[in-house]
Amino acid sequence: MRIVVVGTGYVGLVSGACFADFGHHVTCVDKDEAKISSLKRGEIPIFEPDLDRLVQSNMHAGRLVFTTELSSHVAEADAIFIAVGTPSRRGDGHADLSYVYAASREIAAAVKGFTVVITKSTVPVGTGDEVERIFMQVNPSADIAVASNPEFLREGAAVRDFKHPDRIVVGTDDERARKVIGEIYRPLYLNQAPVMYTGRRTAELIKYAANAFLATKITFINEIADLAEKVGADVQEIARGIGLDNRIGSKFLHAGPGFGGSCFPKDTRALIKTAQDYDAPLRIVEAVNSVNDTRKRAMARKVAAPFGGNLRGKVIAVLGLTFKPNTDDMREAPSIPLITALQDMGATVRAFDPVGMDQARVEMPDIQYCEDAYRCADGADALVIVTEWEQFRALDLDRLKREMACPVVVDLRNVYTSEELTKRGFLYQSIGRASEPVTR
């Protein structure tokens, strides 16, 4: 199959590299000349495990090509995936579809022969209808089928998720499109790939419903964590106790400082707006979004608690800046509102993240960035674990205590236990676990 992927962001780059690894001939197109030049040199603009190897090996094999030129490649393609960004629209929270529609117009002008046009971007219900209308307007004679094929990739595990999916959702009623897309994904399984065919609007809504549900699980366990602290219970045992119920499941029941990233915040906002437009408000999702926004900044009060609520003049060391491990993505990371709140309370903040500091400097240029966890902790009054990188799970606690001016650890990811920290002389605070109130 000859495939064109429009957009070399997170979804487009991972999808293009994996399709090429299946044996298809893939051309990834982007308007950003600097990004395309870097990709041609084998330089990956994002941190994602195993992606660099996949890109370089398939480029070397001649199956993966990067270019800024769209027309000639579109004309030869069997399938075209639109994988451009759909950020929150400034001012109202709707998904900004301008990039999707612009790409559709360019593709429509260049397409030849029967071609399947597939929206890989996360788009609201009805977007495929508008893409189809654009094609009919720009090129009425175009022989195309517009389908929806939402992605379900976790940052930090995207390559594995793409190659070992729980399901592949394809939204189309066109039999020719089903055959093409089925052939694209056929290398995934010897017998039959877990493809679920639906109507196009159903596929579009499945993506938003999935992300909203996962965001709800996170927010639910975060609120249970707050209650657990008040009543003297342990949220990790609660999560295990309910997660062993197959109807609930254990995933996304890890209490923390709130969800962030490129998907959950913007997708819950977009779903809320779509529901309002159709006069079918989603009150649960509205509450999830509101609670999560409030929680991120409220974490600063947990940091301040050991100091009687006063952080003026204190030095706070922050470990982990990205919204989750194994990515350099800082989009809506809980660390940003947390650090802003700490600074508002008069604290000086220094930070370390294994891969996210270049991106973090763009968002937070006025904090001190350190070379490793121990330099970050040197002379600090408190250390806060915000992202559960593996590097932070086996810190030399004795050395850490020697480095710090005041042995206070606020663990927002429950990486450690109270027993192992307190026996080394730390004042330890975590999420959703009973602890004795401490004040310095």
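**Exercise 1. The second largest pocket**

Which helices each supply at least two residues of the lining of the second largest pocket? Find them, then describe the pocket itself.

*Solution.* Keep in mind as you work that this is a predicted model.

Step 1. Start with the helices. Four names belong on your list: α1 (10–21), α5 (98–110), α11 (264–277) and α14 (357–363) each supply at least two lining residues. The largest share comes from α5, which gives four residues.

Step 2. Now look at the space. The volume of the second largest pocket is about 1300 Å³, and 47 residues line it. To find its centre on the structure, look for G9, Y10, V84, G85 and R331, the lining residues that lie nearest to it.

Step 3. Sort the lining by class.

**Exercise 2. The cavities**

How many cavities of 30 Å³ or more does the structure hold? Describe the lining of each.

Step 1. Count them: the structure holds two cavities of 30 Å³ or more.

Step 2. Take the largest cavity, with a volume of about 50 Å³. Its lining is made of R2, I3, V4, H25, T27, H73, E76 and A77. Strand β1 gives the most, with three residues. By class, the lining has three nonpolar, three polar and two charged residues.

Step 3. Move on to the second largest cavity, which holds about 40 Å³ of space. Around it you will find T119, S121, T122, V123, S148, P150, A203, E204, K207 and Y208. Here α9 gives the most to the lining, with four residues. The classes are four nonpolar, four polar and two charged.

**Exercise 3. Helix α12 and α9**

At roughly what angle do the axes of α9 and α12 cross? Name the arrangement and the residues that meet.

*Solution.* 

Step 1. Locate α9 at residues 200–231 and α12 at residues 283–304. Their axes come within 10 Å and cross at roughly 45°.

Step 2. Name the arrangement. An angle between 35 and 65 degrees counts as oblique, so α9 is oblique to α12. The crossing of α9 past α12 is left-handed.

Step 3. Find the residues. From α9 come A212, A215, T216, T219, N222, E223, D226 and E229, which meet I284, V285, V288, V291, N292, R295 and K302 of α12. Sorted by class, this contact has six nonpolar, four polar and five charged residues.

**Exercise 4. Helix α12 and α13**

Is the crossing of α12 and α13 left-handed or right-handed? Work out the geometry as well, then list the contact.

*Solution.* 

Step 1. Follow α12 to helix α13, residues 335–344. The two axes come within 7 Å and cross at roughly 50°, which makes α12 oblique to α13.

Step 2. Settle the handedness: the crossing is right-handed.

Step 3. List the contact. On the α12 side you need K296, R297, M299, A300 and V303, and on the α13 side P337, L338, T340, A341, L342 and D344. The classes come to seven nonpolar, one polar and three charged residues.

How values were computed
Residues are numbered from 1 along each chain as its sequence is written. This is a predicted model: local features need pLDDT of at least 70, side-chain atom pairs count only at pLDDT 80 or more; totals for chains, interfaces and linings use all residues. Side-chain values use heavy atoms; hydrogens and water are left out. Axes are lines fitted to C-alpha atoms, for helices over the stretch in contact, and angles run from 0 to 180 degrees between N-to-C directions. Angles under 35 degrees count as roughly parallel, over 145 as roughly antiparallel, 65 to 115 as roughly perpendicular and the rest as oblique. A crossing is left-handed if the near helix is turned anticlockwise from the far one by less than a right angle, and right-handed if clockwise. Contact means heavy atoms within 4.5 Å. Ala, Val, Leu, Ile, Met, Phe, Trp, Tyr, Cys and Pro count as nonpolar, Asp, Glu, Lys and Arg as charged, and the others, Gly among them, as polar. On a 1 Å grid over the protein atoms alone, a cavity is a set of points where a 1.4 Å probe fits but cannot get out, and a pocket is an open set with protein on both sides within 12 Å along at least five of seven lines; lining residues have an atom within 4 Å of a point. Grid points are joined across faces, edges and corners, and a volume is the space filled by probe spheres set on the points.
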